[in-house]
Structures are given as structure tokens and as C-alpha cells.
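Here are my notes for someone opening this one up for the first time. Have a look at the model, then read on.

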Amino acid sequence: MSEPVSQRDPDRNVHRPSANRRLVITAGVIAAAVLAVLYAMKGPGGKEVESAACPGARARAAVLAPLAHGEVAAFSVSTQPRPLPELNFAAADGAPARLSDFKGKTTLLNLWATWCVPCRQEMPALDRLQGKLGSRDFTVVAVNIDTAKLDRPKAFLNEIGVKNLSFYADNTADIFQTLKADGKALGLPTTILVDENGCDLGVMAGPAQWDSPDALALLSAAKS
């Protein structure tokens, strides 16, 4: 129901702000909250403050910026790294897996599908990358998001002779929707470089030659 025209409550004799005034007050509260958030992010003097959850990530991302060229020229380095949302998927045996399982390692998270031609084209390079750089402090996590004909992803990987990548899948594609809502995914393939604390260092929208000298230099510099 709409508010009465009168600005006084005849029963309580208490002055009420008009609807317009309440809107102004509400807008002021929201604006103050936004400014508080921006102040918390930038700190006194307008200087950007690094997320406490991502120590050293900004400095590492700055090192990566001049290395984003050639075969990885489309890699977009994060200017303000922050933790990625929790991402859930499944291992080859169906056991639950999540992105946080890989904390402590620099992780190249790749989302792909068998119906995505560029995804199929870059998969051998990702496999070779894992063979070259895979270690206790770096790994490639390629998550398939096919939602139908679920026998196809493993069959495809077997067909092209993948031998270094572990198989991960999310047949609901929720992982893609979560990253899309977080502003990290627009289409496939999407590849995100994640530091050892689970913070994003940068994202590649589209395919790349991930075992090229350009990519190896970029990813070697990102390793913890």
C-alpha cells in the first residue's frame, strides 16, 4: 500500500519523513556503503590495497604482464588478483574434486568441451605442457563440461593420445556458470592462471599454444 499523504501519524504525533526523503536517505546509505567498500579496497589516499588472501599476487602478476605476448598475447593479466570462488567438479573415478584441492600449487585451470573445436585443438598442447612443467608446484587442471553423451570426453582424450593430463569433469557445467558470474568466463575454451593461494593471476579467453616458448616463459614466471 502507498504511504498516506500526511507526514504525521495522528495517533503517535511523530513526524515521518516523506517517501521522497526516505529514498534520498536510502540512496545516501547505499552510497556510503559503496564508498566504504572502495575505501577498504583502495585504502587511505586512494591507494589500492592487496587482498589479504592473495599475498604477493599483484607483484607476481606485474612480472607476468610483459611476458603476455606472441602465442599468449591474448592472456589478460589481473591488475587486482583476488580469490576465485570455490569450484566443484569430479575426478576420473567420479570422486568429488574442487579447485581448493590444488592450493599450494600454481594451477592452469582450463574449461573445455568436445563440441568446442578450439578446445579440441589446444588439448594436445595442454597435455604436453603438463608433461613439461607438471610438478609439485605446478599443474594443469583441464575440466570437461560436456552435459550429454558423457562417454565422448574420455574417448576423445584417448583418441588423441593424452597421457599427462588427469581427467576432470563437471557434467552440470555449473563451474562455467560460476566463473561467468564472477566475470572470468565468456565462452570456451577459458583458461585461468591461479596462484598457490587460489587467486587469479590472469585469464585467457580462447585457445593458445600452451607448450610454446612464449607460454612456457609466462607460466614458469608464475610458478610459486
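1. Ground rules. This is a predicted model, where local features need pLDDT of at least 70 and side-chain atom pairs count only at pLDDT 80 or more, while totals for chains, interfaces and linings use all residues. Residues are numbered from 1 along each chain as its sequence is written, and side-chain values use heavy atoms, with hydrogens and water left out.

2. How many disulfides are there? The structure holds 2 (a disulfide here is a pair of cysteine sulfur atoms within 2.5 Å). Number the bonded cysteines in sequence order and the pairing reads 1-4, 2-3.

3. Take cysteine 54 and cysteine 199, joined with an S to S distance of 2.0 Å. This pair ties together distant parts of the chain, 145 residues apart. Cysteine 54 sits in the loop between helix H1 (19-42) and helix H2 (57-64), and cysteine 199 in the loop between strand S7 (190-194) and strand S8 (200-205). Helices (H or I, at least four residues) and strands (E, at least two) are DSSP runs, numbered from the N terminus. The torsion about the S-S bond is about -90°, so this disulfide is left-handed. Both cysteines are buried, meaning under 20% relative accessible area, with exposed over 50% and partly exposed in between (1.4 Å probe, protein chains only).

4. The other bond is between cysteine 116 and cysteine 119, with sulfur atoms 2.3 Å apart. Its S-S torsion is about 80°, so it is right-handed. Cysteine 116 and cysteine 119 are both buried too.

5. What does leucine 129 touch? Leaving out residues up to four places away in sequence, its contacts (heavy atoms within 4.5 Å) are Leu108, Gly134, Phe138, Val140, Trp210, Asp211, Leu216 and Leu219.

6. Last, strand S2 (residues 88-91). S2 pairs antiparallel with strand S3 (residues 96-98) over 3 bridges; strands count as paired if DSSP finds at least two bridges between them. Asparagine 88 has arginine 98 in S3 as its bridge partner. The two strands make a hairpin with 4 residues between them, and glycine 94 in the turn has a positive phi of about 90°. S2 also runs antiparallel to strand S6 (residues 168-169), joined by 2 bridges, with alanine 90 opposite alanine 169.
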